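Please look it over before going on to the notes.

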Amino acid sequence: MLIILLGAPGAGKGTIARMLVEKFGIVQISTGDMLRQAVNEGTPVGKKALEFMNSGKLVPDDVIMALIEERIAQPDCAQGFIFDGFPRTIPQAHALESLLTKKNMTVNAIINLEVPEEVVLKRLTSRRTCSNPHCQAIYNIYTMPPKKEGICDKCGSSLIQRDDETEEAIKVRLETYYEKTQPLIDYYCKHKAYFAVSSLDAHETFNAIVKRLQK
Ligand code: ADP
Ligand code: ZN
């Protein structure tokens with residue numbers, strides 16, 4: 001099974017991806033998480049990516065494609081995977097298409113999570129992420145607060161606000177999304193695997209996706 005999740009920052013791609021991973025036993029491939037890990041580990045990719053990420057800009061396409069190509073060749077991807085936060089530009093979508101053709105793979109679902117801009121803005125500023133790189137659980141101070149303020153329910157680590165979740169970086173991320181990533185909707189909407197879900201509730205969204213995938 002191969003799934004592509006599209007949507008603005010804050011649309012809920014990470015949350016939905018994790019739910020689908022559990023349901024279908026596939027792997028989540030989040031380029032954002034992979035890049036943050038590379039930054040934490042201080043790898044050459046991390047060093048290259050840091051500046052782009054902290055200012056809310058996109059990391060260059062060639063860096064992303066090298067990461068993806070290496071990742072999907074790993075054995076745990078054999079059962080399938082779900083892309084969360086990739087592709088993010090038309091050139092990435094083209095490169096993905098050639099990569100999949102080369103590997104003889106087809107996409108089962110291209111899902112667009114449609115969430116209004118004001119909702120996305122509020123979600124991003126109220127988001128808190130677990131500081132433990134192995135956990136990275138996501139909370140929301142209004143709608144999904146942890147049991148104990150500032151502490152991860154799952155692992156007990158402290159919760160932080162990401163550097164790219166300051167008001168200024170968020171503005172740039174949204175502008176980048178509308179300019180570079182939104183055009184992907186036009187690119188994919190004619191694909192037979194494409195569909196959009198516009199619920200603001202994660203469980204409702206998840207159920208709609210599962211129903212559609214099992215059709
Ligand atoms: P978001 O919440 O904006 O979806 P992500 O965690 O997916 O955040 O990504 C964080 C940052 O990592 C992005 O702002 C961007 O700088 C970089 N990034 C992640 N995925 C990609 C990609 N496919 N192409 C280019 N840059 C990416
Ligand atoms: Zn945690």
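The model is a predicted one. A zinc ion (ligand 2) is coordinated by four residues: Cys130, Cys135, Cys152 and Cys155. Elsewhere, helix 2 (residues 31–41) and helix 3 (residues 44–54) have axes that come within 8 Å of each other.

**The zinc site**

- Each donor to the zinc ion (ligand 2) is an SG atom, from Cys130, Cys135, Cys152 and Cys155, at 2.3 Å.
- The angles subtended by the four donor atoms run from 97 to 115 degrees, so the arrangement around the zinc ion (ligand 2) is tetrahedral.
- Ideal angles for four tetrahedral donors are 109.5 degrees.
- Along the sequence, the donor residues follow the spacing C-x4-C-x16-C-x2-C.
- Distant parts of the chain are linked by the pair Cys135 and Cys155, which are 20 residues apart. Cys135 lies in the loop between strand 5 (127–130) and strand 6 (138–140), and Cys155 in the loop between strand 6 and strand 7 (159–160).
- Cys135 has a relative accessible area of 21% and is therefore partly exposed. Cys155 is also partly exposed, because its relative accessibility is 34%.

**Helix 2 and helix 3**

- Two packed helices are described by the angle and the distance between their axes.
- The axes of helix 2 and helix 3 cross at roughly 115 degrees, and the crossing is left-handed.
- On the helix 2 side the contact is made by Gly32, Leu35, Arg36, Ala38 and Val39, and on the helix 3 side by Val45, Gly46, Ala49, Leu50 and Met53.
- Of the residues in this contact, seven are nonpolar, two are polar and one is charged.
- The buried residues in helix 2 are Thr31, Asp33, Met34, Leu35 and Ala38.
- Cover for the buried residues of helix 2 comes from elements including helix 1 (13–24), strand 2 (27–30), helix 3, helix 4 (61–72) and strand 3 (81–84).
- After helix 2 comes Gly42, with a positive phi near 65 degrees.

**Backbone details**

- Most residues other than glycine have a negative phi, and most peptide bonds are trans.
- Phe86 and Pro87 are joined by a cis peptide bond with an omega of about -10 degrees. Pro87 sits in the loop between strand 3 and helix 5 (90–102).
- Asn104, a residue other than glycine, has a positive phi near 60 degrees. Asn104 belongs to the loop between helix 5 and strand 4 (109–113), and with 73% relative accessibility Asn104 counts as exposed.
- Gln136 has a positive phi as well, near 55 degrees. The loop between strand 5 and strand 6 holds Gln136, which counts as buried because its relative accessibility is 16%, under the 20% cut-off.

**Gln92 in helix 5**

- Gln92 is part of helix 5. With a relative accessible area of 2%, Gln92 is buried.
- Which residues touch Gln92, leaving aside its neighbours within four places in sequence? They are Val59, Asp61, Ile64, Met65, Phe86 and Pro87.
- Phe86 and Pro87, both in contact with Gln92, are the two residues joined by the cis peptide bond.
- Ile64 is 28 residues from Gln92 along the chain, and the C-alpha atoms of Gln92 and Ile64 are separated by 8.1 Å.

How values were computed:
Residues are numbered from 1 along each chain as its sequence is written. Chains are lettered from A and ligands numbered from 1 in the order in which they are written. This is a predicted model: local features need pLDDT of at least 70, side-chain atom pairs count only at pLDDT 80 or more; totals for chains, interfaces and linings use all residues. Side-chain values use heavy atoms; hydrogens and water are left out. Axes are lines fitted to C-alpha atoms, for helices over the stretch in contact, and angles run from 0 to 180 degrees between N-to-C directions. Helices (H or I, at least four residues) and strands (E, at least two) are DSSP runs, numbered from the N terminus. A crossing is left-handed if the near helix is turned anticlockwise from the far one by less than a right angle, and right-handed if clockwise. Contact means heavy atoms within 4.5 Å. Ala, Val, Leu, Ile, Met, Phe, Trp, Tyr, Cys and Pro count as nonpolar, Asp, Glu, Lys and Arg as charged, and the others, Gly among them, as polar. Donors are N, O and S atoms within 2.8 Å of the metal (3.2 Å for Na, K and Ca); water is not among the atoms, so sites may look incomplete. Four donors count as tetrahedral if all angles lie between 85 and 135 degrees; four count as square planar and six as octahedral if opposite donors are over 155 degrees apart and all others between 65 and 115; anything else is irregular. Buried means under 20% relative accessible area, exposed over 50%, partly exposed in between (1.4 Å probe, protein chains only).
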